[in-house]
Amino acid sequence: MQPILEIDGLSKHFQLHEQNKLIPSCANVQLQASAGRLTALIGPTGAGKSSVLKCVYRTYLPSSGRMLYRDGEGHRTDLAQASEHRMLELRQRDIGFVTQFLHCLPRRSALDVVCEPLVAQGVAHEASRERARELLGLLNVPERLWGVPPATFSGGEKQRINLARGLIARPRLLLLDEPTASLDPSTTERVIELINNIKTEGVAMLAIFHHPELVQRLADQVVELTLPLAVSEILEACTS
Amino acid sequence: MKKILEVRGLSKIYGRGCPLCFDSTGPEVDTNICPHCGSVVAAHNVSLDLHEGEILGIMGESGSGKSTVVKNLFFDEAPSAGEAIYSDGSDSKQQWDMFALNAARQRWLRNHRFGMVYQNPHLGLNFNVSAGGNIAERLLMSDISHYGEIRERARQLLARTEVLVDRMDESPKKFSGGMQQRVQIAKALATKPPLLYLDEVTTGLDLSVQARILDLILEIQQELHTAMIVVTHDLGVIRLLAGRTLVMKYGRVIESGLTDQILEDPQHAYTQRLVASAL
């Protein structure tokens with residue numbers, strides 16, 4: 001089976017003009033993600049695991065490398081080069097991202113926040129709300145919170161809202177950045193169950209987990225990142 | 001997604017201009033005033049694409065040229081150079097080469113296809129007529145002339161933008177700043193334009209009023225699928241509204257990208273400083 005995402009030689013560094021510094025992040029990453037399989041990214045803090053996910057979603061502009069994405073019609077797009085409009089289209093239809101922290105429109109109820117991706121795809125409001133209620137229930141979010149904006153929620157509650165929003169649209173490729181970091185054990189079990197469910201539905205996942213145990217239980221493939229090269233070596237590589 | 005607007009090489013010079021203007025101004029030389037002839041290069045070589053139902057942000061400090069761009073696109077001013085093609089949503093084969101049209105055709109396009117909300121309500125509203133009258137003016141310009149129908153539409157629009165309908169016969173002069181902006185939005189939306197320009201619409205309003213106006217803009221965008229160009233110096237407004245963003249300085253677009261990328265991984269030194277200065 002052909003992978004949905006093939007990353008080849010991906011590197012990211014940040015050039016901070018004001019401080020005149022080059023901050024290295026991930027370097028020379030190779031990995032693949034396939035339908036119905038979960039690829040876990042592991043490595044020490046600072047190895048650039050989150051940067052890889054953000055590059056795929058194009059929240060970060062990759063410094064070098066290729067990220068070939070194959071869509072449902074078999075078209076291949078290098079996400080590193082894709083136009084902004086193409087990226088917006090893929091974000092809406094194909095690629096979901098459960099970030100480490102919840103970023104959402106303020107003053108919207110938790111239920112509407114979770115619905116957003118479905119509504120953006122054109123699903124009717126009531127149908128998307130129905131699905132959102134189902135997911136919030138599965139994730140143990142107390143019903144009294146559904147109508148309230150998540151701004152005042154606890155870390156764990158926000159994370160579950162974030163997860164529900166990421167799972168609701170059944171993307172083809174789902175990026176998960178420590179989705180269980182602040183969850184209690186029973187909710188974590190629910191999340192594992194949900195991840196396994198969408199895996200059987202054929203969603204490809206690229207994930208970072210806080211606990212090694214979760215990697216063991218969920219990953220079909222593990223990619224280890226190492227700490228980035230020293231800045232001087234990057235500069236050398238750039239000039240040579 | 002269909003392209004609704006395509007702008008190429010838009011430039012605007014205030015003053016007589018000289019052949020050295022463009023080379024002698026811009027972010028590299030830290031000015032937009034030409035040292036040779038004293039002209040102000042408000043915008044130079046601005047290009048952008050806008051798709052149906054999309055919100056594009058233009059971000060920059062005062063004097064960066066961001067308002068100049070929308071003023072040119074709304075025909076408030078004529079550009080010194082450049083091209084803009086507007087394609088109609090219902091039949092994208094219908095295209096207007098905007099700056100090549102005569103004044104009457106430009107007025108038609110402006111009244112039937114575009115809407116504008118200015119920072120200063122005095123520019124967008126006629127303070128000598130009532131709030132309802134302001135909306136009626138716009139409807140009349142777009143060929144709706146039945147009195148009862150106009151009055152009913154005005155009532156609906158003001159209700160939609162949360163202006164007290166009981167006050168529709170008062171002059172907007174007597175309204176608060178936030179209410180005046182709501183009347184402006186109602187007026188701009190009266191003809192359900194496919195393209196709306198918003199120029200610093202929340203600047204100078206109370207935070208709570210800002211929030212409600214931004215929510216209203218988002219709701220309307222989702223309801224009517226209106227394409228918008230949002231000009232602002234406020235990163236919060238950009239974050240909330242825009243999917244893609246252009247950053248301008250001294251009349252030039254120095255960076256453009258997906259809004260989350262501009263805010264989290266800005267490339268240009270100026271954008272990095274701007275993002276780092278956010279409160």
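First, some ground rules. This is a predicted model, where local features need pLDDT of at least 70, side-chain atom pairs count only at pLDDT 80 or more, and totals for chains, interfaces and linings use all residues. Residues are numbered from 1 along each chain as its sequence is written, while chains are lettered from A and ligands numbered from 1 in the order in which they are written.

**Stop 1: chain B as a whole**

Select chain B and you'll find 10 helices and 10 strands. Both are DSSP runs numbered from the N terminus, with at least four residues (H or I) for a helix and at least two (E) for a strand. The C-alpha atoms of chain B fill a box of roughly 55 × 45 × 40 Å along the principal axes. Of its 279 residues, 46% count as buried. Here, buried means 20 or more other C-beta atoms within 10 Å of the residue's own, exposed means 12 or fewer, and partly exposed is in between, with C-beta atoms placed from the backbone.

**Stop 2: a sheet in chain A**

Zoom in on strand 9 (residues 173–177) and strand 10 (residues 204–208) of chain A, which pair over five bridges in the parallel sense. Leu175(A) has Leu206(A) in strand 10 as its bridge partner. Contact means that the C-beta atoms of two residues, placed from the backbone, lie within 7 Å.

Stay in chain A and click Ile42(A), in strand 5 (residues 38–42). Ile42(A) is partly exposed, because 15 other C-beta atoms lie within 10 Å. Beyond residues up to four places away in sequence, Ile42(A) touches Val215(A), Val222(A) and Glu224(A).

**Stop 3: the cores**

Which residues have the most contacts inside the largest nonpolar core? Select Ala186(B), Tyr197(B), Leu198(B), Ile229(B), Val230(B) and Leu241(B), in a core of 69 residues. A nonpolar core is a set of buried Ala, Val, Leu, Ile, Met, Phe, Trp, Tyr and Cys residues joined through C-beta atoms within 7 Å. Helix 6 (residues 177–189) of chain B gives this core its largest share, six residues. A second, separate core has 61 residues, among them Leu53(A) and Tyr60(A).

**Stop 4: where the chains touch**

Show both chains. The contact takes 14 residues from chain A and 17 residues from chain B. On the chain A side, helix 2 (residues 84–93) gives the most, with five residues.

Is Asn20(A) buried or exposed? Asn20(A) is exposed, because it has 8 other C-beta atoms within 10 Å. Its phi is positive, about 55°, although Asn20(A) is not a glycine. Finish at Glu200(B), in the loop between strand 7 (195–199) and helix 7 (207–224) of chain B. Glu200(B) is buried, with 20 other C-beta atoms within 10 Å, and its phi is near 50°.

Technical notes. Two strands pair if DSSP finds at least two bridges between them.
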